[in-house]
Amino acid sequence: MHDLFHELWHSLTHTDKGILKLIKDLFIHPKKVYFGYFSGKRKTYFSPVTFFLITATILLLIGNKIYDYEDYVRSANNPNGFNEMGRFVFEMTKFKTLILLPFQVLLTWFFYHKRFNLAKIIVFFLYFHGLIFVIQILLSPIYFIFILKKELLDNFVSIISYILLFWHLNSIFGLKKWKTYLINFFVLNLFYILNYLITFYLIYGEGLFEQTNTKNIFGFIIELYKI
């Protein structure tokens, strides 16, 4: 933790390769960040591994506080209003990104291994997930203000995440051809399915299909898109 906070402070005060510069460029010029790092300009930007770890750690800390506040608000109006299911889901799925990450990397590598090696694709997803964590961190004050609308806000973040991922996939792996756009759209849908499949499995385990009233993986996918 000492090294992590030391690196965070250094990143905030180091203007040439600071975390704030990285976040700004990932928002505005993602292609510049990824291809700059791929080409060997690694001193220009903050480490993707450290960026991922710092943002994930901050988000986990804030996530617990959000559920604490939600319980406080609900209990003030209704003694039986604790959101224990919501907290349970958070506790069960807070490391979901670490499980999802290898699948995302391997799927993307499968389609683009002729142009990008595995290491570059890992860097891409570490930076991207760190960016999504930053968005969730920046939106955390809104969660506190509209705490009873938390589910709606979660859905909004999910939509933003998929739009950004499609943009970043096309910026890096696209060749401005309709074929690559279709591949990226297909990959994005696979990520969508994997995301919810892992989420529901972490919550329900082998009772996944029973709890979702589906008979198999195909039924689960159909039900997922209905939602």
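Reader: Is Ile 19 buried or exposed?

Author: A word first: this is a predicted model. Ile 19 sits in helix α2, residues 19-28. Its relative accessible area is 5%. The cut-off for burial is under 20%, so Ile 19 is buried.

Reader: How far apart in space are Ile 19 and Phe 46?

Author: In sequence, 27 residues separate Ile 19 and Phe 46. In space, from C-alpha to C-alpha, the distance is 5.9 Å.

Reader: How many helices and how many strands does the chain have?

Author: Read the elements from the N terminus on, and they run α-α-α-α-α-α-α-α-α-α-α. The count is 11 helices and zero strands.

Reader: What share of the chain counts as buried?

Author: The chain has 227 residues. Of these, the buried share is 44%.

Reader: How many salt bridges does the structure hold?

Author: One joins Asp 25 and Lys 21. Another joins Asp 154 and Lys 150. The total for the structure is two.

Reader: How far apart are the closest N and O atoms of Asp 154 and Lys 150?

Author: Asp 154 and Lys 150 both lie in helix α8, residues 150-173. They are four residues apart, about one turn of the helix. Their closest N and O atoms are separated by 3.0 Å.

Reader: Is Lys 150 buried or exposed?

Author: Asp 154 is partly exposed, at 28% relative accessibility. Lys 150 has a relative accessible area of 9%. That figure is under the 20% cut-off, so Lys 150 is buried.

Reader: Which residues of helix α3 are buried?

Author: Helix α3 covers residues 30-38. Its buried residues are Pro 30, Val 33, Tyr 34, Gly 36, Tyr 37 and Phe 38.

Reader: Which residue with a positive phi follows α3?

Author: The phi in question is near 105 degrees. The residue is Gly 40.

Reader: Where is Asn 213?

Author: Asn 213 is not a glycine, yet its phi is positive, about 55 degrees. Its relative accessible area is 72%, so Asn 213 is exposed. Asn 213 belongs to the loop between α10 (208-211) and α11 (217-226).

Reader: How far apart in space are Ile 203 and Val 89?

Author: Ile 203 is part of helix α9. At 15% relative accessibility, Ile 203 counts as buried. Ile 203 and Val 89 are 114 residues apart in sequence. Their C-alpha to C-alpha distance is 6.5 Å.

Reader: Which element gives the most to the lining of the second largest pocket?

Author: The second largest pocket has a volume of about 160 Å³. Two elements each give two or more residues to its lining: α6 (96-112) and α9 (178-204). The top contributor, with three residues, is α9.

Reader: How many residues of that lining are charged?

Author: The lining residues are Phe 111, Tyr 112, Lys 114, Arg 115, Leu 175, Lys 177, Lys 179, Thr 180 and Ile 183. Four of the lining residues are nonpolar and one is polar. The number of charged ones is four.

Reader: Which element gives the most to the nonpolar patch on the surface?

Author: The patch is formed by Leu 106, Trp 109, Phe 110, Phe 111, Leu 118, Ile 122 and Phe 186. Together they have about 650 Å² of accessible area. At least two patch residues come from each of α6 and α7 (118-145). The top contributor, with four residues, is α6.

Reader: What is the relative accessibility of Ile 122?

Author: Ile 122 is in helix α7. It is one of the patch residues. Ile 122 counts as partly exposed, because its relative accessibility is 36%.

Terms used
Residues are numbered from 1 along each chain as its sequence is written. This is a predicted model: local features need pLDDT of at least 70, side-chain atom pairs count only at pLDDT 80 or more; totals for chains, interfaces and linings use all residues. Side-chain values use heavy atoms; hydrogens and water are left out. On a 1 Å grid over the protein atoms alone, a cavity is a set of points where a 1.4 Å probe fits but cannot get out, and a pocket is an open set with protein on both sides within 12 Å along at least five of seven lines; lining residues have an atom within 4 Å of a point. Grid points are joined across faces, edges and corners, and a volume is the space filled by probe spheres set on the points. Ala, Val, Leu, Ile, Met, Phe, Trp, Tyr, Cys and Pro count as nonpolar, Asp, Glu, Lys and Arg as charged, and the others, Gly among them, as polar. Patches are made of residues with over 30% relative accessible area and no salt bridge: like charges are joined within 9 Å, nonpolar side chains (Val, Leu, Ile, Met, Phe, Trp, Tyr) within 5 Å. Accessible areas come from the Shrake-Rupley method with a 1.4 Å probe; for residues, only the protein chains shown count as cover. A salt bridge is a side-chain nitrogen of Lys or Arg within 4 Å of a carboxyl oxygen of Asp or Glu. Buried means under 20% relative accessible area, exposed over 50%, partly exposed in between (1.4 Å probe, protein chains only).
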